[in-house]
Every structure is written in C-alpha cells, then in structure tokens.
Amino acid sequence: MDYKNLVLEAIRAKEGAYAPYSNFKVGAAVLTEDDKVFCGCNIENASFGATNCAERTAIFKAVSEGHTKIKAIALIGSDKEYTYPCGICRQVMSEFGSKDLTVIIVKNEEEYIVKTLEEILPGTFTKEDLDKNKEI
Ligand SMILES: O=c1ccn([C@H]2C[C@H](O)[C@@H](CO)O2)c(=O)[nH]1
Ligand SMILES: [Zn+2]
C-alpha cells in the first residue's frame with residue numbers, strides 16, 4: 001500500500017492545529033476500510049484536560065460520518081523528531097482498528113516509520129475483555 005497520500009494529508013492537517021498553550025502542533029489523517037480519508041488536528045483548551053489530540057479528532061470525524069472501521073492512520077507532530085501517539089489515542093485506535101492497523105509516524109514527506117497497532121499497544125484492553133467477564 002502507498003502511504004504517501006495519507007502522509008501528505010497529515011502534514012496538511014497540522015496547519016489547522018489550535019495549540020496556543022503548548023505551541024505543539026499535530027496533524028493526523030485516517031484511511032477508512034472503504035478508502036475514505038478523514039483529517040484532524042489537535043484542539044487545545046484553556047482547561048487543559050479538555051484538549052483533543054489530532055488522531056482522535058480525525059478518528060472521531062470518520063466515526064461520526066459512519067466510518068467505524070479504519071485501516072491506517074498517519075500522524076505528524078514535530079518535524080525534528082518522530083512523534084508517537086499518546087496512550088489515549090492508541091486506545092481509541094484499538095476501538096476502530098484491528099491489531100494490524102497501520103500507524104504511520106511521520107517526520108516529513110520523505111521520512112516516516114510504519115508500525116502496526118499491536119507493536120505500539122501490546123496487551124490491548126478491548127470489548128472482548130468485557131464480553132469474557134459477562135455472566136450468562
Ligand atoms: O500524539 C499526540 C501527542 C500530543 N498531541 C497534542 C495534545 C496537545 O495539544 C499537544 C501537547 O501535548 O499535542 C497530539 O495531538 N497527538
Ligand atoms: Zn493522543
């Protein structure tokens with residue numbers, strides 16, 4: 001699969017970041033199972049805990065439009081170092097992607113690392129854990 005388009009979309013989405021508190025801008029782009037692309041940026045808040053990461057913005061946009069299965073996500077924070085997704089975003093990825101979900105960690109147009117969700121979130125807690133615990 002060619003990730004170039006998703007990489008470029010994530011870089012473009014970073015421009016929309018609202019990050020007046022951290023000045024750390026992040027962009028993300030999600031590819032859904034039916035080959036649609038949804039982009040997102042981080043959106044901060046004066047009440048810091050209300051901040052939404054770029055990855056979740058992109059995923060929530062896809063889900064809110066009815067696209068609940070994702071097969072790849074690209075993200076870019078710093079263009080000097082690779083920025084990995086935070087723990088909350090990894091957990092949200094696990095809700096809508098399989099363990100084989102492709103996570104593309106972008107530094108720039110030419111430099112990016114391709115991982116699976118399983119590699120960056122081993123031992124994932126999922127709805128199967130809830131089902132297993134249900135009494136019949
Ligand atoms: O993977 C990440 C890591 C951080 N952030 C945002 C949250 C906050 O706005 C800023 C600093 O943590 O970066 C993301 O959007 N995605
Ligand atoms: Zn996050």
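In α2, the buried residues are Ala54, Glu55, Arg56, Thr57, Ala58, Ile59 and Ala62. Keep in mind as you read that this is a predicted model.

**Helix α2 and its surroundings**

- The cover over the buried residues of α2 includes the strands β1, β2 and β3, along with helix α3.
- After α2 comes Gly66, which has a positive phi near 95 degrees.

**The zinc ion (ligand 2)**

- Three cysteines supply the protein donors of the zinc ion: Cys53, Cys86 and Cys89, each through SG, at 2.2 to 2.3 Å.
- Along the sequence, these donor residues follow the spacing C-x32-C-x2-C.
- Cys53 sits in the loop between β2 (37-41) and α2 (54-64), while Cys86 sits in the loop between β3 (70-76) and α3 (87-96), so this pair ties together parts 33 residues apart in sequence.
- Cys86 has a relative accessibility of 30% and therefore counts as partly exposed.

**Ligand 1**

- The side chain of Glu55 places an N or O atom 2.6 Å from an oxygen atom of ligand 1.
- For Asn42, a polar side-chain atom is 3.0 Å from an oxygen atom of the ligand.
- Cys86 takes part through its backbone, with a polar atom 3.5 Å from an oxygen atom of ligand 1.
- On its own, ligand 1 would expose 370 Å², and the protein buries 79% of that area.

**Helix α1**

- Leu6, Val7, Ala10 and Ala13 are the buried residues of α1, which spans residues 4-13.
- Viewed down the axis of α1, these buried residues fall within an arc of 130 degrees, so they line one face of the helix.
- Their packing partners are the strands β1 (27-32), β2, β3, β4 (102-106) and β5 (112-116).

**Positive phi in loop residues**

- Asn23, in the loop between α1 and β1, is not a glycine, yet its phi is positive, near 55 degrees.
- Asn23 is exposed, with a relative accessible area of 64%.
- Asp35, in the loop between β1 and β2, is another non-glycine residue with a positive phi, of about 65 degrees.
- With 52% relative accessibility, Asp35 counts as exposed.

Definitions and conventions
Residues are numbered from 1 along each chain as its sequence is written. Chains are lettered from A and ligands numbered from 1 in the order in which they are written. This is a predicted model: local features need pLDDT of at least 70, side-chain atom pairs count only at pLDDT 80 or more; totals for chains, interfaces and linings use all residues. Side-chain values use heavy atoms; hydrogens and water are left out. Donors are N, O and S atoms within 2.8 Å of the metal (3.2 Å for Na, K and Ca); water is not among the atoms, so sites may look incomplete. Helices (H or I, at least four residues) and strands (E, at least two) are DSSP runs, numbered from the N terminus. Buried means under 20% relative accessible area, exposed over 50%, partly exposed in between (1.4 Å probe, protein chains only). The arc is that of the directions from the helix axis to the C-beta atoms. Contact means heavy atoms within 4.5 Å. A polar contact is a pair of N or O atoms within 3.5 Å; within protein, one must be able to donate a hydrogen and the other to accept it, and residues adjacent in sequence count only if both atoms are side-chain atoms. Accessible areas come from the Shrake-Rupley method with a 1.4 Å probe; for residues, only the protein chains shown count as cover.
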